[in-house]
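Subject: Structure handover

Hello,

Here is the structure you will be working with. My notes follow below it.

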Amino acid sequence: MALRFGIEEEYFVVDPVSREVVPRAAAVVRRATAALGERTSTELVDFLAEAKTPPCDDLDKLAEQIRSMRSAMAAAAAAEGVRLAATGTPVLGEVIPAPISAGARYAESLAVYRGLDDEQSICSCHVHVEMPDRERAIQVGNHLRPWLPTLVALAANSPYWAGRDTGHACWRVMAWARWPVAGPPPFFESAAHYDDLVGTLLDCGALMDTGTIFWDVRPSARLPTVEIRLADVAPTAGDAAVFAALIRALVQVSAAAVDAGERAPDPPQEMLRAAYWLAARDGLAGTGVDVCTGRPAGFRELAGDLLAHVLPALRDSGDLAAVVRGVRRLLTGGTGAERQRGAYRRRGRLTDVVDAAILRDR
């Protein structure tokens with residue numbers, strides 16, 4: 001039986017004329033609450049508005065929830081005289097220091113993390129997949145680790161930062177990597193091992209609280225899920241749904257391996273970090289590394305390996321055709337990063353990149 005899953009997405013608030021990011025997220029979220037209730041919220045930076053789907057049991061339902069969620073958020077933004085853009089980093093605007101949202105927790109974050117908060121204008125997509133307990137979530141996370149760089153390459157959608165091309169496909173990963181507890185997680189022997197390390201990080205002050213555990217895979221602190229947090233926000237609702245289905249399939253294959261007593265591969269953390277950097281720099285167009293063997297391999301090849309790995313789960317859930325089509329679309333039509341650069345090349349205008357990323361209220 002397929003596991004329930006859902007996503008959280010963040011979007012940039014942009015001015016419809018200049019296309020620069022503007023600190024109006026709080027107003028957009030207030031208005032969107034009428035349609036989405038508690039499924040919309042502000043984030044640390046007032047350029048960002050967040051929305052969440054409810055948990056869904058099949059891909060068609062999730063895709064419809066993402067479309068309706070994006071439509072509601074876009075309508076709320078338009079009513080406030082602004083727009084929302086689905087890109088992992090701000091294409092245009094003055095973004096440093098970032099405008100920190102109001103609230104005691106955000107003020108505490110600024111006191112603890114200081115200059116890091118100034119540069120956290122980034123939008124991501126988090127996929128949640130239900131888990132029976134935290135122990136299972138930890139063990140499944142271990143099995144996910146070798147595939148994380150390939151997922152970064154597939155989801156790359158942040159080549160621009162504040163008016164310049166960074167030369168990377170996923171600059172958001174580079175910005176995020178500076179946090180003390182972020183990126184690919186360590187290998188954990190058990191939930192107790194996880195809790196011991198988190199306790200140490202809390203005691204020494206590297207974590208403000210458990211909400212600042214920013215590893216790219218973690219057991220959710222508030223939901224019965226494993227949370228995969230490594231993706232840029234997707235360009236389209238269809239892209240987001242396919243990525244979530246791919247993640248769910250990978251979680252289900254990993255859960256089956258846990259049930260069979262298979263020990264997860266444990267690639268060196270240094271190898272994972274290098275593979276992340278390669279994925280973030282060049283996306284699917286680049287050469288990465290098989291983190292378990294150390295063998296150089298193109299990310300297109302690694303994406304094929306990932307798809308082959310999850311085929312049993314995709315067949316079981318009925319998602320095989322949709323996910324294969326979606327991955328092929330990325331391989332032939334380009335990732336979000338490649339599409340952003342394509343939008344720029346047509347007229348040499350970054351405003352066109354923003355326009356292509358704007359959510360529509362339909």
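In helix H5 (residues 134-144), Ala137, Ile138, Gln139, Val140, Gly141, Asn142, His143 and Leu144 are buried, where buried means under 20% relative accessible area with a 1.4 Å probe, protein chains only. This is a predicted model: local features need pLDDT of at least 70 and side-chain atom pairs pLDDT 80 or more, while totals for chains, interfaces and linings use all residues. Residues are numbered from 1 along each chain as its sequence is written, and side-chain values use heavy atoms, leaving out hydrogens and water.

Helices (H or I, at least four residues) and strands (E, at least two) are DSSP runs, numbered from the N terminus. Because 8 of the 11 residues of H5 are buried, the helix is largely enclosed by the rest of the structure. Its cover includes helices H6 (148-154), H8 (191-204) and H9 (237-259), and strands S10 (217-219) and S11 (225-232). Asp133 caps the N-terminal end of H5, with a side-chain oxygen 3.2 Å from the backbone nitrogen of Glu135.

Ser109 is in helix H3 (residues 104-113). Ser109 is buried too, at a relative accessible area of 8%. Setting aside neighbours within four places in sequence, Ser109 is in contact (heavy atoms within 4.5 Å) with Leu44, Arg114, Asp117 and Met208. The side chains of Ser109 and Asp117 are joined by a polar contact of 2.8 Å; such a contact is a pair of N or O atoms within 3.5 Å, and within protein one must be able to donate a hydrogen and the other to accept it, with residues adjacent in sequence counting only if both atoms are side-chain atoms.

Regards

Definitions and conventions
Buried < 20%, exposed > 50% of the residue type's maximum accessible area, 1.4 Å probe, protein only.
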